Amino acid sequence: MTAPSPPRATVPFPARAVIDLAAIAANVGVLKQRAGAAEVMAVVKADAYGHGLVRSAQAALAGGASWLGVAQLTEAMALRAAGVTAPVLAWLHAPGAGFAQAIEADVDLGVSATWMLDEVAAAARASGRTARVQLKADTGLGRNGAYLFPVGTDSTATDWSALVDRARALEAEEAVRVTGLFTHFAYADAPQHPTVQAQQTAFAEAVALAERAGLRPEVRHMSNSAATLTTPAAAWDMVRPGLAVYGLTPAPEVGSSADFGLVPAMTAIAEASVVKAVPAGQGVSYGHTYTTSGPANLVDVPLGYADGVPRHASGLAEVMINGRRHRIAGRVCMDQFVVDVGDQQVTAGDEVILFGPGDRGEPTAQDWAEAVGTINYEIVTRFGPRVPREYAGAPVGAEEETW
């Protein structure tokens with residue numbers, strides 16, 4: 001018999017992402033108000049957009065979400081393993097996904113094609129249970145979902161009508177139960193774009209076709225974060241926000257987080273490592289793409305692109321150290337980057353705030369996104385598992401809730 005391995009010592013990492021759980025709960029409350037009578041499904045895919053799957057899901061439920069949404073079955077099963085009992089929808093699958101466990105765990109399965117529905121039905125028969133499925137229509141995004149529109153001038157049958165007919169047949173034999181119908185916007189962050197109204201019209205047609213075929217879904221939903229905040233007419237029975245749950249604006253051209261009443265939940269912090277004085281003309285980091293213009297103090301920050309700091313942030317993004325903002329000097333490396341703080345006095349161990357809510361003058365995730373030429377989604381989701389998550393501001397009553 002092999003002896004158990006001794007416990008490993010906990011070694012601190014010189015950076016952290018601090019997650020404000022109370023902010024997540026409050027953001028869900030804002031979204032719930034925007035949704036009116038509709039339920040809220042908080043999307044917690046991709047490790048809750050980098051904020052931590054289970055704790056963020058619990059905070060979202062405490063804030064009033066009644067459903068959780070994920071992309072992958074592994075995420076849904078991780079929620080169930082953590083004791084989360086709220087309804088969960090998982091919608092992105094490849095052949096051989098292994099639906100049986102999810103069916104047994106009462107996970108709703110998003111289905112976009114007849115082959116997928118047949119695999120779900122086979123797993124349901126093998127498990128002796130009826131699978132809960134939600135049919136996804138492609139109303140114009142051109143991504144996953146059953147295509148709603150006829151192809152060819154003489155065509156009346158569509159992927160969507162075929163999926164609906166197959167689902168109705170499988171309902172008749174009690175292999176599946178269609179619990180929902182849903183779709184996804186292409187341009188919700190630009191609410192005046194003509195596709196926004198066109199997709200609402202198309203989804204209404206998809207729902208009507210399904211209901212004429214005899215399907216009686218519990219929920220119909222299409223609104224992501226941007227639509228929840230800007231297009232209340234699209235709420236249907238449930239809205240499906242993701243980014244806004246974490247306090248970030250999904251439509252920066254329309255409004256900031258503050259404009260929408262949202263509070264960013266993540267603050268990314270590192271500890272200054274080596275601090276040293278150098279003369280004018282000192283090249284900094286690989287390729288010497290930055291050179292000091294005068295005597296300066298250089299601060300080495302122990303986070304790099306292996307942790308999720310974009311290499312494209314080189315020479316562009318700013319951080320805050322001891323109340324002052326400074327731009328990254330030279331190239332971001334795998335594990336570290338450098339900041340030229342001029343004559344400011346900085347000591348090893350001082351906090352370096354990459355981004356946060358912005359209420360202390362620090363950069364925000366939106367500031368980083370604009371500096372790098374990307375979207376705020378990418379800034380928060382790319383922080384990897386090497387960076388520990390610390391949780392603060394637990395929602396009132398969270399400890400008493402049964403997840």
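In the predicted model, helix α1 (residues 21-35) packs against helix α3 (residues 53-62) with the two axes 7 Å apart and at an angle of about 45°. That angle makes α1 oblique to α3. The crossing of these two helices, α1 and α3, is right-handed. On the α1 side the contact is made by Leu21, Ile24, Ala25 and Val28, and on the α3 side by Arg55, Ser56, Ala59 and Ala60. Sorted by class, the residues of the contact between α1 and α3 comprise six nonpolar, one polar and one charged.

Helix α3 also meets helix α4 (residues 73-81); the axes of α3 and α4 come within 10 Å and cross at roughly 70°. Angles from 65 to 115 degrees count as roughly perpendicular, and α3 and α4 are therefore roughly perpendicular to each other. In this contact, Leu53, Val54 and Ala57 of α3 meet Glu75, Ala78 and Leu79 of α4. The residues of the contact of α3 with α4 divide into five nonpolar and one charged, with no polar residue.

Strand β11 (residues 266-271) pairs with strand β1 and with strand β19. Strand β1 (residues 15-20) and β11 run antiparallel and are joined by five bridges. Within this pairing, Ala15 stands opposite Ala270 of β11. The pairing of β11 with strand β19 (residues 351-355) is likewise antiparallel, and it extends over four bridges. Here Ala270 stands opposite Val352 of β19. A residue counts as buried when its relative accessible area is under 20%. Five of the six residues of β11 are buried, so the strand is largely enclosed by the rest of the structure.

Ala317 lies in a loop, the one between β15 (296-301) and β16 (318-321). Its relative accessibility is 1%, and Ala317 therefore counts as buried. When neighbours within four places in sequence are left aside, Ala317 is in contact with His326, Arg327, Ile328, Trp368 and Ala371. One of these residues, Ala371, is 54 residues from Ala317 in sequence, while the C-alpha atoms of Ala317 and Ala371 are 5.5 Å apart in space.

Terms used. Residues numbered from 1 in each chain as written. Predicted model: local features only at pLDDT ≥ 70, side-chain atom pairs only at ≥ 80, totals over all residues. Heavy atoms only, no water. Axes fitted to C-alpha atoms, helices over the stretch in contact; angles between N-to-C directions. Parallel < 35°, antiparallel > 145°, perpendicular 65-115°, else oblique. Left-handed = near helix turned anticlockwise from the far one by under 90°. Contact = heavy atoms within 4.5 Å. Nonpolar A, V, L, I, M, F, W, Y, C, P; charged D, E, K, R; others polar. Buried < 20%, exposed > 50% of the residue type's maximum accessible area, 1.4 Å probe, protein only. Pairing = 2+ DSSP bridges.
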